[in-house]
Amino acid sequence: MQDFITRLPKAELHLHIEGSLEPELMFALAERNGVALPYASVEEVRAAYQFDDLQSFLDLYYQGMSVLRTAEDFFDLAMDYFRRASAEGVVHVELHFDPQAHLSRGIELGVVIEGLARACRLARRELDLSSALIMAFLRDRPADEAMQVLERAAPYWEMLDAIGLDSAEHGHPPEKFVEVFERARALGIARVAHAGEEGPPAYITQALDLLDVCRIDHGVRCLEDPALVTRLRELQMPLTVCPLSNVKLKVVERIDDHPLPQLLEAGLLLTINSDDPAYFGGGMHDNFSACQRAFGWSEATLVGLARNAIDVAFMDDARRAELL
Ligand code: ES4
Ligand code: ZN
C-alpha cells in the first residue's frame with residue numbers, strides 16, 4: 001500500500017511554500033543571510049513544533065520565514081520542496097505564498113515571485129513537475145493593505161493562477177475582502193479562500209456568496225450546516241482538505257476523529273493536501289497514508305481522491321490529459 005501511494009500521481013492544491021521550510025534549510029539560510037534564530041539546533045526547532053491552535057502555529061511560521069531574504073532563497077525553498085514532493089510521486093503543486101509576510105520585512109514582491117517562478121520553471125524541466133502560483137492575502141491584516149498588494153502585483157498578474165486568503169480565521173470573515181476579490185475577478189484572476197478550518201460554516205457560505213471562489217481551502221466545518229453540505233455537493237465545489245494539519249492544529253484530536261469519511265459519504269469533491277509539511281510532520285505521501293490507515297481506504301478511494309485534484313487543478317488541458 002505504501003508503494004501504491006508513492007506511485008499514485010498526486011497533485012497538491014493546498015501548500016504554503018513558506019510552510020515547506022525544513023529546519024535544515026532554515027539554518028542554512030540563517031547562516032547565509034546572517035539572521036539570528038532563537039534555536040540552537042535542528043532538533044530544537046522540531047521540538048518547538050507543538051501547537052495548540054492555528055495562531056500558535058502561525059507565530060512560529062512567521063518567525064521561521066525571517067531567514068528568507070533574496071530571490072535565491074525563495075528559489076532554494078521551492079526547489080527543495082519540489083524535489084522532496086517529486087520523490088514521493090507529486091506531479092503538480094499549487095503553492096500559496098504570503099507577500100505581506102515578506103513586504104512587512106522589507107522584501108519586495110518581485111524578489112519573492114521571481115525566485116519562486118524560477119523554481120517552477122526548473123521543476124517543470126528537471127522533474128516533470130508542473131505548478132501554479134496562488135498569491136494569498138493575510139486575513140488578519142487590513143483589507144486595504146491586501147488591495148495595495150494586489151495593485152503592486154500588476155507586473156505579475158499574468159503569472160498568478162489565483163489569489164487566496166489565509167492566516168488567522170477567527171474574527172476575519174470573507175466579507176472583509178469583498179472589494180479585493182471583486183478587483184481580482186475584474187482582472188480575470190481566479191479566487192480561492194481558506195474557510196471553515198477554525199472558522200464557522202458561515203465563513204464558507206460567505207466565501208461562496210461574496211468572494212466567488214472556485215475552491216474552499218479546508219472547509220471541514222461545513223458538516224455543521226447540512227444545507228451548506230448540500231450546496232457544496234450540488235456545486236461540486238472542491239475542498240482542499242489537510243488531514244495532518246488538522247490534527248497538528250487541534251481542529252480534530254486524532255486522525256481517527258477526522259471528518260473525512262463523513263465528507264466523502266456526503267458526496268463532496270475532496271482533495272488531500274499537506275498545507276505546511278515542514279511544520280505538520282508530513283508531506284503528501286504521509287497525508288494519504290495516515291488517512292488510508294485510519295479509515296481503511298481502498299486503492300480505488302485513493303485513486304479517486306488523487307484524480308479529483310488533477311481534475312480541478314489550475315493546469316492546461318494538455319497537461320491534465322497527460323496526468324489523467
Ligand atoms: C496556514 Cl494551516 C493554515 N491556515 C491558515 N493560514 C495559513 N498560512 C499558513 N498555513
Ligand atoms: Zn492552508
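**Helix packing around H8 and H9, and two further sites**

In this predicted model, the axes of helices H8 and H9 come within 8 Å of each other and cross at roughly 20°. On the side of H8, the contact is made by Ala-143, Ala-146, Met-147 and Leu-150, while H9 contributes Glu-179, Val-180, Arg-183 and Ala-184. Sorted by class, the residues of this contact comprise six nonpolar and two charged ones, with no polar residue.

Helix H9, which spans residues 178-186, has Val-180, Phe-181 and Ala-184 as its buried residues. These residues lie on the same side of H9, because they cover an arc of only 95° around the axis. Such an arrangement can be read against the geometry of the α-helix, which has 3.6 residues a turn, so that residues three or four places apart point the same way. The cover over the buried residues of H9 includes helix H8 (143-152) and helix H10 (201-211), together with strands S3 (130-138), S4 (162-166) and S5 (190-195). After H9 comes Gly-188, a residue whose phi is positive, near 80°.

A second pair of helices was also examined. Helix H5, formed by residues 71-87, packs with helix H7, formed by residues 109-127, at an angle of about 35°, and their axes are 7 Å apart. H5 passes H7 in a crossing that is right-handed. The H5 side of the contact consists of Ala-71, Glu-72, Asp-73, Phe-74, Phe-75, Ala-78, Met-79, Phe-82, Arg-83 and Ser-86, and the H7 side includes, among others, Val-111, Val-112, Leu-116, Ala-119, Cys-120, Leu-122, Ala-123 and Leu-127. By class, the residues in the contact of H5 with H7 divide into 14 nonpolar, two polar and five charged.

Met-237 is located in the loop that lies between helix H11 (226-235) and strand S7 (238-241). With 21 other C-beta atoms within 10 Å, Met-237 is buried, since the cut-off for that class is 20 or more. When residues up to four places away in sequence are not counted, Met-237 touches Ile-216, Leu-232 and Leu-269. The C-alpha atom of Met-237 is separated by 15 Å from that of Tyr-203, a residue 34 residues apart from Met-237 along the chain.

Notes:
Residues numbered from 1 in each chain as written. Chains lettered and ligands numbered in written order. Predicted model: local features only at pLDDT ≥ 70, side-chain atom pairs only at ≥ 80, totals over all residues. Buried ≥ 20, exposed ≤ 12 C-beta atoms within 10 Å, placed from the backbone. Helix = DSSP H or I, 4+ residues; strand = E, 2+ residues; numbered from the N terminus. Arc of directions from axis to C-beta. Contact = placed C-beta atoms within 7 Å. Axes fitted to C-alpha atoms, helices over the stretch in contact; angles between N-to-C directions. Nonpolar A, V, L, I, M, F, W, Y, C, P; charged D, E, K, R; others polar. Left-handed = near helix turned anticlockwise from the far one by under 90°.
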